[in-house]
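Subject: Structure for you to look at

Hello,

Here is the structure I promised to pass on. Please open it and keep it in view while you read my notes below.

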Amino acid sequence: MGEVRGSHSEWTFLTNHARVLLAISRDPGARLRDIAEGCGVTERTVQAIVTDLEEAGYLTRSRADDGRRNHYGIVRGSRFRHPAEAGHQISGLLTLLADPRGATEKGRS
């Protein structure tokens, strides 16, 4: 058998782009500062990711009713970019991860 790595491995399953998109799906009116804190990245990184996601057609940005904040909308029909997942919409992942406790509780009903 191969060498077993320690429990503090450097990689994760989700990218920062996925984490930011998930945070926005949970709270479309969230401040970028709050998203950054929740994702463990800088606000500047979140700004760049939001721009990437908007340019790629995964989300829309508009001014919130208060005129001070942005409001984000997820384009739920968007599909994954990698060819291995290209047939799947991102909405499935967002639904699965949006409220893990709710999904578990629903699965038990």
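Start with two helices, α1 and α3. In this predicted model, α1 and α3 pack at an angle of about 85 degrees, and their axes are 10 Å apart. An angle from 65 to 115 degrees counts as roughly perpendicular, so α1 is roughly perpendicular to α3. Both numbers matter for the description: two packed helices are described by the angle between their axes and the distance between the axes.

Which residues make this contact? On the α1 side, they are Asn-16, His-17, Val-20, Leu-21 and Ile-24. On the α3 side, they are Val-46, Ile-49, Val-50, Asp-52 and Leu-53. Sorted by class, the contact of α1 with α3 has 7 nonpolar residues, 2 polar and 1 charged.

Now the core. The largest nonpolar core has 21 residues. Val-20, Ile-24, Ile-35, Val-46 and Val-50 touch the most other members. Where does the core come from? At least two residues each are supplied by α1 (16-26), α2 (32-39), α3 (43-55), β2 (70-74) and α4 (90-98). The largest share is from α1, with 5 residues. As general background, nonpolar side chains tend to be buried together in soluble globular proteins.

Next, pick out Ile-35. Leave aside its neighbours within four places in sequence. Ile-35 is then in contact with Val-20, Ala-23, Ile-24, Ala-30 and Val-46.

Then find Asp-34, which lies in helix α2. The buried class is under 20% and the exposed class is over 50%. Asp-34 and Ala-23 are 11 residues apart in sequence. In space, their C-alpha atoms are 9.3 Å apart.

Last, step back to the whole protein. How many helices and strands does the protein have? There are 5 helices and 2 strands. Along the sequence, they follow the pattern α-α-α-β-β-α-α. The protein has 109 residues, and 25% of them count as buried. Take the contacts with a separation of 6 or more: 35% of them join residues 24 or more positions apart. The protein exposes about 8100 Å². Carbon and sulfur atoms supply 50% of that area.

Best wishes

Methods:
Residues numbered from 1 in each chain as written. Predicted model: local features only at pLDDT ≥ 70, side-chain atom pairs only at ≥ 80, totals over all residues. Heavy atoms only, no water. Core = buried A, V, L, I, M, F, W, Y, C linked by side-chain atoms within 4.5 Å. Buried < 20%, exposed > 50% of the residue type's maximum accessible area, 1.4 Å probe, protein only. Helix = DSSP H or I, 4+ residues; strand = E, 2+ residues; numbered from the N terminus. Contact = heavy atoms within 4.5 Å. Areas by Shrake-Rupley, 256 points an atom, 1.4 Å probe, with all protein chains shown as cover. Axes fitted to C-alpha atoms, helices over the stretch in contact; angles between N-to-C directions. Parallel < 35°, antiparallel > 145°, perpendicular 65-115°, else oblique. Nonpolar A, V, L, I, M, F, W, Y, C, P; charged D, E, K, R; others polar.
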